[in-house]
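This briefing is meant to be read beside the sequence and the coordinates. It begins with the chain as a whole and then turns to packing, individual helices and selected residues.

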Amino acid sequence: MMKTVLAHSTKLALGSLMFALLTAGNCSRARVESINHMNEGVSLAQQQRHVDAVKALEQATAIDQTNEQAFYNLALVHIELRNFQRAKEDLERAIAITPDVAGYHKKLGTVLMQLEDWNGAKEAFEASIAADPEIFKAYYKLAQVFEKLEDPQNALHQYTAAIEHGPRFLEAYSALGRLYA
């Protein structure tokens, strides 16, 4: 009986040790350092120190190239600096790492609108909606893209979807009324 208890507790201890070792790889020293640089970059961006924020966030992405949040935050700073091409690249990196985040796709669509890449923006907003069908602003922006693509019928459908998913989003009502008029 005592041997069985010892064998069981040894297996449990070994199992716990294996779990700790396996999960420690996910929280490596590089990841922690990357997150620290990312947090520093976010703080600098909040202080409107965008050039310093870019440096800190670029360090975060260089240290851990799987830190999609660092790429996303770097994109946000590049948007503030109106460097839309770099923001696009950063968002594409974040999406490549974690493709199912609707907000990343929506932000990419917004950046592509700034770059006047209407077909790319259309694809990004559609991916955002596929990832989260309740993201009403993606429908709204997709409708704006359809207007630019001179497809008013699809624009009407998307403005309507924006209203259905975000009934308090007044801009969608206004755009829908304008398009009907």
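Among contacts in the protein chain between residues at least 6 apart in sequence, what percentage join residues at least 24 apart? In this predicted model, the share is 44%. The protein chain holds 10 helices and 0 strands, and buried residues make up 38% of its 181 residues.

**Overall make-up**

- Read along the sequence, the elements of the protein chain follow the pattern α-α-α-α-α-α-α-α-α-α.
- The protein chain exposes about 10800 Å², and carbon and sulfur atoms supply 55% of that area.

**Nonpolar cores**

- The largest nonpolar core has 37 residues, of which Phe125, Tyr140 and Tyr159 touch the most other members.
- At least two residues of this core are supplied by each of α4 (68-80), α5 (84-97), α6 (102-114), α7 (118-131), α8, α9 and α10, and the largest share, 7 residues, comes from α8.
- A second, separate core of 11 residues includes Met38, Ala53, Ala70 and Leu74.
- Leaving aside neighbours within four places in sequence, Phe125 is in contact with Lys106, Gly109, Thr110 and Met113, and also with Ala138, Lys141, Leu142 and Val145.

**Helix α7**

- Helix α7 has 14 residues and reaches 20 Å from its first C-alpha to its last, which is close to the 20 Å expected at 1.5 Å a residue.
- The buried residues in α7 are Trp118, Gly120, Ala121, Ala124, Phe125, Ser128 and Ile129, and the buried residues of this helix pack against α6, α8 and α9.

**Helix α4 and Phe71**

- Helix α4 has 13 residues and reaches 19 Å from its first C-alpha to its last, close to the 18 Å expected at 1.5 Å a residue.
- Its buried residues are Glu68, Ala70, Phe71, Tyr72, Asn73, Leu74, Ala75, Val77 and His78, and what covers them includes α2 (29-46), α3 (50-63), α5 and α6.
- Phe71, which has its place in helix α4, is buried, with a relative accessible area of 4%.
- Not counting residues up to four places away in sequence, Phe71 touches Thr61, Gln65, Asp90, Arg93, Ala94 and Ile97.
- The C-alpha atoms of Phe71 and Leu57 are separated by 7.5 Å, although the two residues are 14 residues apart along the chain.
- Just after α4, Arg82 takes a positive phi of about 60°.

**Ala56 in helix α3**

- Ala56 is found in helix α3 and counts as buried because its relative accessibility is 3%.
- Leaving aside neighbours within four places in sequence, the contacts of Ala56 are with His37, Glu40, Gly41 and Leu44.
- Ala56 and Leu44 are 12 residues apart along the chain, and their C-alpha atoms are separated by 8.5 Å.

- The side chains of Asp64 and Arg31 are joined by a polar contact of 2.8 Å.
- Leaving aside neighbours within four places in sequence, Asp64 is in contact with Ala30, Arg31 and Ser34.

Methods. Residues are numbered from 1 along each chain as its sequence is written. This is a predicted model: local features need pLDDT of at least 70, side-chain atom pairs count only at pLDDT 80 or more; totals for chains, interfaces and linings use all residues. Side-chain values use heavy atoms; hydrogens and water are left out. A nonpolar core is a set of buried Ala, Val, Leu, Ile, Met, Phe, Trp, Tyr and Cys residues joined through side-chain atoms within 4.5 Å. Buried means under 20% relative accessible area, exposed over 50%, partly exposed in between (1.4 Å probe, protein chains only). Helices (H or I, at least four residues) and strands (E, at least two) are DSSP runs, numbered from the N terminus. Contact means heavy atoms within 4.5 Å. The expected span of a helix is 1.5 Å times one less than its number of residues. Accessible areas come from the Shrake-Rupley method with a 1.4 Å probe; for residues, only the protein chains shown count as cover. A polar contact is a pair of N or O atoms within 3.5 Å; within protein, one must be able to donate a hydrogen and the other to accept it, and residues adjacent in sequence count only if both atoms are side-chain atoms.
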